[in-house]
Amino acid sequence: MTETTQSVQDTSPRIPTVREVMHGPVVSVAAEDTLWVVMDNMITTRLHHVCVLDGDRALGLISDRDLAAVWTLDPLGLKQHTAGRVVADTETTFVSPDTDVVTAGEQLLRHRRDALLVVDAGGVALGVLTDRDLLTVLLGLHRPR
């Protein structure tokens with residue numbers, strides 16, 4: 001009696017890594033720059049997130065929502081507060097470029113953020129992963145090319 005074995009192929013879609021879908025290069029400001037400088041960078045680049053650096057090391061992301069929150073409480077705050085102060089007061093989430101996008105998405109939801117800063121092992125900013133990037137991946141998995 002012979003036994004026939006059939007090979008079962010995995011038909012589930014491959015889950016990409018953060019490196020494959022993140023935005024880069026990163027637009028950044030120094031920790032001592034004012035929020036006015038941050039806002040100017042966002043307007044000039046038409047981006048919603050700016051990385052805050054201490055030398056070469058990434059401290060976190062400031063979003064346009066963070067700026068709106070400061071402005072709402074104190075319209076002059078954009079010229080008085082520094083980028084470093086805002087990221088110190090905000091929970092910043094970092095992700096490795098080799099993290100799969102499902103894990104990154106879980107991290108976005110858990111921390112209630114709309115973007116993650118992608119950093120290497122030394123804390124150097126490599127890119128930004130946004131909720132829109134993850135939505136694009138999801139739609140790509142649902143609609144075959």
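Biologist: In this model, does Arg-112 count as buried or exposed, given its relative accessibility of 78%?

Modeller: The model is a predicted one, and the label is read by comparing the value with a cut-off, since exposed means over 50% relative accessible area. Arg-112 stands at 78%, so this residue counts as exposed.

Biologist: Where does Arg-112 lie, and what is its phi?

Modeller: Arg-112 is placed in the loop between helix H6 (101–111) and strand E5 (115–119). Its phi is positive, at about 55°, although Arg-112 is not a glycine.

Biologist: Which residue just after H2 takes a positive phi?

Modeller: That residue is Arg-46, with a phi of about 60°, and this is again a positive value in a residue other than glycine. Arg-46 belongs to the loop between H2 and E2, and because its relative accessibility is 75%, it counts as exposed.

Biologist: Which residues of helix H2 are buried, and why do they line one face of the helix?

Modeller: Buried means under 20% relative accessible area, and in H2, which spans residues 35–45, the buried residues are Leu-35, Val-38 and Met-42. If you look down the axis of H2, these buried residues fall within an arc of 55°, so they line one face of the helix. On the other side of H2 you find Ile-43 and Thr-44, which are exposed.

Biologist: What covers the buried residues of H2?

Modeller: The cover includes strands E1 (28–30), E2 (49–54) and E3 (57–63), together with helices H3 (64–73), H4 (77–80) and H5 (83–89).

Biologist: How do I read the sheet that contains E1, E2 and E3?

Modeller: The general idea is that strands of a sheet pair through backbone hydrogen bonds, and that this pairing is either parallel or antiparallel. Here the three strands make an open sheet in the order E1-E2-E3, and the pairing is mixed. E1 and E3 are the edge strands, each pairing on one side only, and from one strand to the next the twist averages 35°. Between E2 and E3 the pairing is antiparallel, over six bridges, and you can pick out one place in it where His-49 stands opposite Ser-63 in E3.

Biologist: In the sheet with the order E4-E5-E6, which kind of pairing is there?

Modeller: This is an open sheet of three strands, and its pairing is mixed. Strand E4 (94–95) and strand E6 (125–130) stand at the edges with a single partner strand each, so one side of each is left without a neighbour in the sheet. E5 and E6 pair in the antiparallel sense over five bridges, and Val-119 has Ala-125 in E6 as its bridge partner. Helix H6 lies across E4, E5 and E6, and runs at about 130° to E5.

Biologist: How many aromatic pairs does a search of the whole structure find?

Modeller: A pair of aromatic rings is described by the distance of the centres and the angle of the planes. A search of the whole structure finds zero aromatic pairs. A ring may still be examined for a charge over its face, and here Lys-79 lies over the face of Trp-36, at 4.5 Å from the ring centre.

Biologist: Which peptide bond is cis, and where is Pro-25 placed?

Modeller: The peptide bond from Gly-24 to Pro-25 is cis, with an omega near -5°. Pro-25 itself is found in the loop between helix H1 (18–21) and E1.

Notes
Residues numbered from 1 in each chain as written. Predicted model: local features only at pLDDT ≥ 70, side-chain atom pairs only at ≥ 80, totals over all residues. Heavy atoms only, no water. Buried < 20%, exposed > 50% of the residue type's maximum accessible area, 1.4 Å probe, protein only. Helix = DSSP H or I, 4+ residues; strand = E, 2+ residues; numbered from the N terminus. Arc of directions from axis to C-beta. Contact = heavy atoms within 4.5 Å. Pairing = 2+ DSSP bridges. Axes fitted to C-alpha atoms, helices over the stretch in contact; angles between N-to-C directions. Phe/Tyr/Trp six-rings, centres within 6.5 Å; stacked < 30°, edge-to-face > 60°. Lys NZ or Arg CZ within 6 Å of the ring centre and 35° of its normal.
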